[in-house]
Amino acid sequence: MTTQAILDDIYATILSRKGGDPEASHTARLFHRGRAKIAQKVGEEAVETVIEAMAGTPEKLASESADLLYHLLVLWADAGVAPADVYAILAARQGTSGIEEKKSRKPA
Ligand SMILES: N=c1c2ncn([C@@H]3O[C@H](COP(=O)(O)OP(=O)(O)OP(=O)(O)O)[C@@H](O)[C@H]3O)c2ncn1[C@@H]1O[C@H](COP(=O)(O)O)[C@@H](O)[C@H]1O
């Protein structure tokens, strides 16, 4: 399975949990608690990822990164962003310089 297929598969599962039983599904519980809580979880997982990058092991960093990606997918699902929307942006940036991309974001 490709990385894209794995993310798409998890995203489909996440969408299927909308309106589900918060007692039976962690994802349904997150949707039930609302976007502010989901966003908070993304922030917490991002901090934990950074901590593992600075003071942990590659294995712990990979594990925290998986938690971060999962919670980010839940945030996208709640906010109406599909993985394909993000893939399209990443694909459009491929082959361009990061410096040029940064300049193009600045207001004229
Ligand atoms: N990838 C994940 C995944 N990664 C992490 N987690 C859960 O995220 C939680 C993070 O732990 P925390 O202690 O931070 O969460 P918490 O207990 O809610 O803590 P608070 O929010 O109360 O602070 C754990 O319960 C993990 O099991 C995940 N839960 C689900 N998935 C995917 O989502 C699919 C659907 O899961 P369910 O919605 O639970 O059926 C699964 O098949 C997986 O593919």
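**Entry: valine 81**

I began with valine 81, which counts as partly exposed at 28% relative accessibility; here buried means under 20% relative accessible area, exposed means over 50%, and partly exposed is what lies in between, with a 1.4 Å probe and protein chains only. Valine 81 sits in the loop between α4 and α5 (83–93), where helices (H or I, at least four residues) and strands (E, at least two) are DSSP runs numbered from the N terminus. I then listed what valine 81 touches, leaving out residues up to four places away in sequence, and found Tyr11, Trp76 and Val86; a contact means heavy atoms within 4.5 Å.

**Entry: what kind of model this is**

I noted that this is a predicted model, in which local features need pLDDT of at least 70 and side-chain atom pairs count only at pLDDT 80 or more, while totals for chains, interfaces and linings use all residues. Residues are numbered from 1 along each chain as its sequence is written, and side-chain values use heavy atoms, with hydrogens and water left out. The mean pLDDT of the protein is 94, and 97% of its residues reach 70 or more, pLDDT being the predictor's confidence in each residue on a scale from 0 to 100. For the complex, the predictor gives an ipTM of 0.91 and a pTM of 0.91.

**Entry: the whole protein**

I looked up the secondary structure and found six helices and zero strands, with the elements running α-α-α-α-α-α from the N terminus on. The C-alpha trace spans about 50 × 35 × 35 Å along its principal axes. Of the 108 residues in the protein, 26% are buried. The protein exposes about 7300 Å², of which carbon and sulfur atoms supply 60%; these areas come from the Shrake-Rupley method with a 1.4 Å probe, and for residues only the protein chains shown count as cover. Among the contacts with a separation of 6 or more, 56% are between residues 24 or more positions apart.

**Entry: the nonpolar core**

Which residues touch the most other members of the largest nonpolar core? I found that Ile14, Phe31, Ile38, Leu73 and Val74 do so, within a core of 14 residues; such a core is a set of buried Ala, Val, Leu, Ile, Met, Phe, Trp, Tyr and Cys residues joined through side-chain atoms within 4.5 Å. At least two residues of this core come from each of α1 (3–16), α2 (26–33), α3 (35–55) and α4 (58–79), and α4 gives the most, with six residues.

**Entry: salt bridges**

How many salt bridges does a search of the whole structure find? The search gives two, where a salt bridge is a side-chain nitrogen of Lys or Arg within 4 Å of a carboxyl oxygen of Asp or Glu.

In one of them, the side chains of aspartate 78 and arginine 35 meet at 2.7 Å, N to O. This pair links distant parts of the chain, as aspartate 78 belongs to helix α4 and arginine 35 to helix α3, 43 residues apart. Arginine 35 is partly exposed, at 45% relative accessibility.

I also recorded the salt bridge between the side chains of lysine 41 and glutamate 44, at 3.5 Å, N to O. These two are three residues apart in helix α3, which means that about one helical turn separates them. Is lysine 41 buried or exposed? With 19% relative accessibility, lysine 41 counts as buried, whereas glutamate 44 is partly exposed, with a relative accessible area of 30%. Not counting residues up to four places away in sequence, lysine 41 touches Leu30 and His71.

**Entry: a surface patch and one distance**

On the surface I found a nonpolar patch formed by Met1, Ile6 and Ile10, with about 300 Å² of accessible area together; patches are made of residues with over 30% relative accessible area and no salt bridge, like charges being joined within 9 Å and nonpolar side chains (Val, Leu, Ile, Met, Phe, Trp, Tyr) within 5 Å. Isoleucine 6 lies in helix α1 and is partly exposed, with a relative accessible area of 37%.

Lastly I looked up alanine 46, which lies in helix α3 and counts as partly exposed at 27% relative accessibility. The C-alpha atoms of alanine 46 and threonine 27 are separated by 18 Å, and the two residues are 19 apart along the chain.
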